[in-house]
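Welcome, and thanks for taking a look at this one with us.

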Amino acid sequence: MPEPYVPKEAIGHGDGGSAALAIGEAESLERRPGAAPPGAGPPAGPRGKPRSLWSDAWHDLCRNPVFVLSALVIVFLVVIAIWPQLIATGNPYRADLAKAQQGSQPGHPFGFDTQGRDVYTRVVYGARASITVGVCATAGAALLGSLLGGLAGFFGSWSDTLLSRLADIFFGIPVLLGGLVFLSVVTGTTVWPVVGFIVLLGWPQISRIARGSVVTAKQNDYVQAARALGAGNGRMLLRHIAPNAVAPVIVVATIALGTYIALEATLSYLGAGLKPPTVSWGIDISTASTYIRSAPHMLLWPAGALSITVLAFIMLGDAVRDALDPKLR
């Protein structure tokens, strides 16, 4: 006896949701890019269109005073890192030994260091090295970790096992000890050896976050439907999995950026990070630590700038996490 015909419009109500999902995926595979779905009316306006995860998160971030304040501080730091001449017209290398360790004076609000250099100018120019290291190291660690973790989580098998064991090896390396050893061998007067070391030890953390997100996302029904209908691995990764797995990576990378800036300052303080003549907050803090009693201003100003920068990025990461995590809504 032939089975009764069931119209496609009736599928999807009750227990038929998976079939409707499969039909929708089939239509999306056959439809031209940019074409409207069958039976769809004109596109809804801004008020009638439901917000996506990203637009909803942005709406929440704009109303979060913590995000607004930290974002303003970060924008200001980025601007002075690119154009320090906007607020500091002096030369950070110009020295006048007659003014060594003197306090605040007209035109020199932060005083002078042990060589008579203007502390204010050096604090402003020191933002460039810290921001460059933080941004480049975070971008490198996020890209490498997301690529390796995402591929391992998607394909599984031996690649997942190999990545997990490799990440365990890097997790077992103490950060400061590894930095002292690595940077004592790979030396240079630029920021790139420090960036390379941070990327080398920073990618395993992000790779595990990316792997877990991909493993969770690929188990969803829409991914299984796409696979059943013949969608390739590239289509599933780029269209279905990556947009739903990237949010945790962004949160971890944003918080890690502030940590990387603090790590660079710590390595420079210990003499293994950036080297003179590079202007760095860590170098100035290391030089001023000996004179904390006689000239405390030499230490307080670069240390305060470093603390504000790290705090701003950590606060930004916390705000982004609250906006992107549905469990915290």
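Leaving aside its neighbours within four places in sequence, which residues is Val 123 in contact with (heavy atoms within 4.5 Å)? They are Phe 110, Trp 281, Trp 301, Pro 302 and Ala 305. Please keep in mind that this is a predicted model, where local features need pLDDT of at least 70, side-chain atom pairs count only at pLDDT 80 or more, and totals for chains, interfaces and linings use all residues. Residues are numbered from 1 along each chain as its sequence is written, and side-chain values use heavy atoms, with hydrogens and water left out.

**Nonpolar cores**

- A nonpolar core here is a set of buried Ala, Val, Leu, Ile, Met, Phe, Trp, Tyr and Cys residues joined through side-chain atoms within 4.5 Å; buried means under 20% relative accessible area, exposed over 50%, and partly exposed in between (1.4 Å probe, protein chains only).
- The largest core has 33 residues, and those touching the most other members include Val 123, Trp 281 and Phe 313.
- Helices α2, α3, α4, α9, α10 and α11 each supply at least two residues of this core, helices being DSSP runs of H or I with at least four residues, numbered from the N terminus.
- With twelve residues, α11 gives the most to this core.
- A second, separate core holds 29 residues, among them Val 133, Ala 142, Val 252 and Tyr 260.

**Cysteines**

- Searching the whole structure turns up zero disulfides (pairs of cysteine sulfur atoms within 2.5 Å).
- Cys 62 is partly exposed at 41% relative accessible area, and Cys 136 is partly exposed at 26%.

**Asp 118**

- Asp 118 sits in the loop between α3 and α4.

**Salt bridges**

- The count comes to eight salt bridges.
- Asp 60 pairs with Arg 63 at 3.3 Å; Asp 60 is partly exposed at 22%, whereas Arg 63 is exposed at 59%.
- Asp 318 and Arg 321 form a salt bridge at 4.0 Å, and they lie three residues apart in helix α11, about one helical turn.
- Salt bridges that share partners join Arg 165, Asp 168 and Arg 208 into one network.

Definitions and conventions
Contact = heavy atoms within 4.5 Å. Salt bridge = Lys/Arg side-chain N within 4 Å of Asp/Glu carboxyl O.
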